[in-house]
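Please read the following report alongside the sequence and the three-dimensional model.

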Amino acid sequence: MSAIVESNVAAEPPKPLIARVNWVKAAPWLYTLALFVLWELLVYALKMPPTILPSPVRVGQAIVQYWSPIWKNSLQTLYTTTLGFAIAVAAGLAIGLFIGWSKTIYAGLYPLMIGFNAIPKVALVPILVIWFGIGTVPAVLTAFLISFFPIVVNVATGLATIEPETEDVLRALGAKKMDIMLKVGIPRSMPYFFGSLKIAITLAFVGSVVSETVASNYGLGNMMSSAQSQFNVPLVFAGLLMLAVEGIVMYAIMAWLEKRMTGWAHRSTMGQ
């Protein structure tokens, strides 16, 4: 009997290649390729001039032609974004813990935080230029200012939404406010915190590029602004493409950190 089973297993034909493809992992690459193909066909069908909408081929040629300035300015933007984001993480975590410490502090400071976040950060760039001059510092500070609010809100929310029943039980067992924060509050807020990093890093890129466009001689924002003034639209799109690549990479890193640090907080069914 076992010999018959083994012969049947051995006789099974191999699965076709299309059945062995991991479509979940392949989907981002396939959709991206489809986007570029559709873009190329659209430009060809409408006969769009490169000064209006360059094709992906033209953008690729611009990347090759201007690779040296694109690479240098990409590193500059990545540097200012990462530095501003790092400051936002430290400040956002500290302020979030402070706001979430007490309901009184939460009620008093949260409206102020909302009001500050409602101010367009591009309106603050001229003030930063007056204070610090044109260069890297305004770009770093703009990236910080635009990205720290999601971190503050998520950390404070994680602390402020501890179940009252949990607090009552812990207090009945003799736990103090600090014990509740360390044992329950902070671990509870960690999924919120790491989840907010994915939002904050993308916003940090927005802040850096806005400041570089207005008040810097370096970075992708400045490069795209200069290319726009020269009607070099393929170079503008090349800068946008580099920003997209940097944003995707940094987002992927934050998503990996979230999964690594707070995988326990996600149900197993989410991956099915």
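Is A86 buried, partly exposed or exposed? A86 is partly exposed, because its relative accessible area is 40%, where buried means under 20% relative accessible area, exposed means over 50% and partly exposed lies in between, with a 1.4 Å probe and protein chains only. The residue is found in helix α5, which covers residues 67-101, and although A86 and I201 are 115 residues apart in sequence, their C-alpha atoms are 9.4 Å apart in space.

This is a predicted model, in which local features need pLDDT of at least 70 and side-chain atom pairs count only at pLDDT 80 or more, whereas totals for chains, interfaces and linings use all residues. Residues are numbered from 1 along each chain as its sequence is written, and side-chain values use heavy atoms, with hydrogens and water left out.

**Overall composition**

The chain holds twelve helices and zero strands, where helices (H or I, at least four residues) and strands (E, at least two) are DSSP runs numbered from the N terminus. Of the 272 residues in the chain, 35% are buried. Among the contacts in the chain with a separation of 6 or more, 75% join residues 24 or more positions apart, a contact being heavy atoms within 4.5 Å.

**The nonpolar core**

A nonpolar core is here a set of buried Ala, Val, Leu, Ile, Met, Phe, Trp, Tyr and Cys residues joined through side-chain atoms within 4.5 Å. The largest such core has 45 residues, and those with the most contacts inside it are I70, F85, I151, F193, L197 and A238. At least two residues of this core come from each of α3 (23-46), α4 (56-65), α5, α8 (136-160), α10 (177-215), α11 and α12, and α8 gives the most, with eleven residues. Leaving aside residues up to four places away in sequence, I151 touches A88, V89, G92, L93, F193, S196, L197 and A200.

S211 lies in helix α10 and is buried, with a relative accessible area of 0%. Under the same exclusion of residues up to four places away in sequence, S211 touches V125, P138, A139, T142 and S216.

**Two helix pairs that involve α12**

Axes are lines fitted to C-alpha atoms, for helices over the stretch in contact, and angles run from 0 to 180 degrees between N-to-C directions. The axes of α11 (residues 219-229) and α12 (residues 233-262) come within 8 Å and cross at roughly 160°, which means that α11 is roughly antiparallel to α12. Angles under 35 degrees count as roughly parallel, over 145 as roughly antiparallel, 65 to 115 as roughly perpendicular and the rest as oblique.

The crossing of α11 and α12 is left-handed, a term used if the near helix is turned anticlockwise from the far one by less than a right angle, with right-handed used if clockwise. On the α11 side, L220, M223, M224, A227 and Q228 meet L235, V236, G239, L240, M242, L243 and E246 of α12. By class, this contact has nine nonpolar, two polar and one charged residues, with Ala, Val, Leu, Ile, Met, Phe, Trp, Tyr, Cys and Pro counted as nonpolar, Asp, Glu, Lys and Arg as charged, and the others, Gly among them, as polar. The buried residues of α11 are G219, L220, G221, N222, M223, M224 and A227.

The second pair is α5 and α12, which pack at an angle of about 40° with their axes 11 Å apart, and α5 is therefore oblique to α12. The crossing of α5 and α12 is right-handed. W67, I70, S74, L75, T77, L78, T82 and F85 of α5 make this contact with L235, A238, M242, L243, E246, M250 and M254 of α12, and its residues divide into eleven nonpolar, three polar and one charged.

Two residues other than glycine with a positive phi are set out below.
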